[in-house]
Amino acid sequence: MAEALMKQMYGQRAYVQSAGVKNDMEVDGFSVAVCQEMGIELSRHRSRSFEEMQEWGDDLSQFDLIVALSPASQRMALELTRFHHLDIEYWPILDPTGLGETRDAKLSAYRQTRDQIRERMLTRFGPPTEGGEGTA
């Protein structure tokens, strides 16, 4: 979700790659639904782990910043980058998985997470790039 939001809001201004502690491959359907509400196509996106990034040739030392959205991803990023100079920021974002009893309640939790990520991006990186999504 974060990678897709960043690309929509800031376009080619920065190279963005999404990674996690583990690889779940399939993107959560609720994430797909709340991103579609903003015109973001997420259904073909596949998540990958930090280890897969390295196996596929991404050199973490080429990145300037890692934004960790969970304590586990922050720990992993710190471990993987102890020999590289790059910044790591931790953004404590609500994990919506497992929240809500009904579909509407689950979607509400995912919207809250999406909006928290978007607000953090606006605070950190400023207004969207010209031609970006603007306001939601």
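Author: Throughout this discussion, a residue is called buried at under 20% relative accessible area, exposed at over 50%, and partly exposed in between, with a 1.4 Å probe and protein chains only. The model is a predicted one, in which local features need pLDDT of at least 70 and side-chain atom pairs count only at pLDDT 80 or more, while totals for chains, interfaces and linings use all residues. Residues are numbered from 1 along each chain as its sequence is written, and side-chain values use heavy atoms, with hydrogens and water left out.

Reader: What makes the pair Glu3 and Lys7 a salt bridge?

Author: The term requires a side-chain nitrogen of Lys or Arg within 4 Å of a carboxyl oxygen of Asp or Glu. The closest N and O atoms of Glu3 and Lys7 are 2.6 Å apart, so the pair qualifies. Both residues belong to helix α1 (residues 2-10), where being four residues apart separates them by about one helical turn; helices (H or I, at least four residues) and strands (E, at least two) are DSSP runs, numbered from the N terminus.

Reader: How many salt bridges does this rule give, and which parts of the chain does the pair Glu89 and Arg124 link?

Author: The count comes to six. Glu89 and Arg124 meet at 2.6 Å, N to O, and this pair links distant parts of the chain, with Glu89 in strand β2 (residues 87-90) and Arg124 in helix α5 (residues 103-125), 35 residues apart. Glu89, with a relative accessible area of 22%, is partly exposed, as is Arg124 with 37%.

Reader: How do you know that Arg118 and Glu119 meet in a salt bridge?

Author: Their N to O distance is 3.3 Å, and because the limit is 4 Å, the pair is counted. Arg118 is buried at 9% relative accessibility, whereas Glu119 is partly exposed at 43%. Elsewhere, salt bridges with shared partners join Glu37, Arg111, Arg114 and Asp115 into one network.

Reader: Which residues does Lys106 touch, and is Lys106 buried or partly exposed?

Author: Contact means heavy atoms within 4.5 Å, and by that limit Lys106 touches Phe30, Leu99, Gly100 and Glu101, not counting residues up to four places away in sequence. Lys106, in helix α5, has a relative accessible area of 23%, so the residue is partly exposed. From Lys106 to Leu86 the separation is 20 residues in sequence and 35 Å in space, C-alpha to C-alpha.
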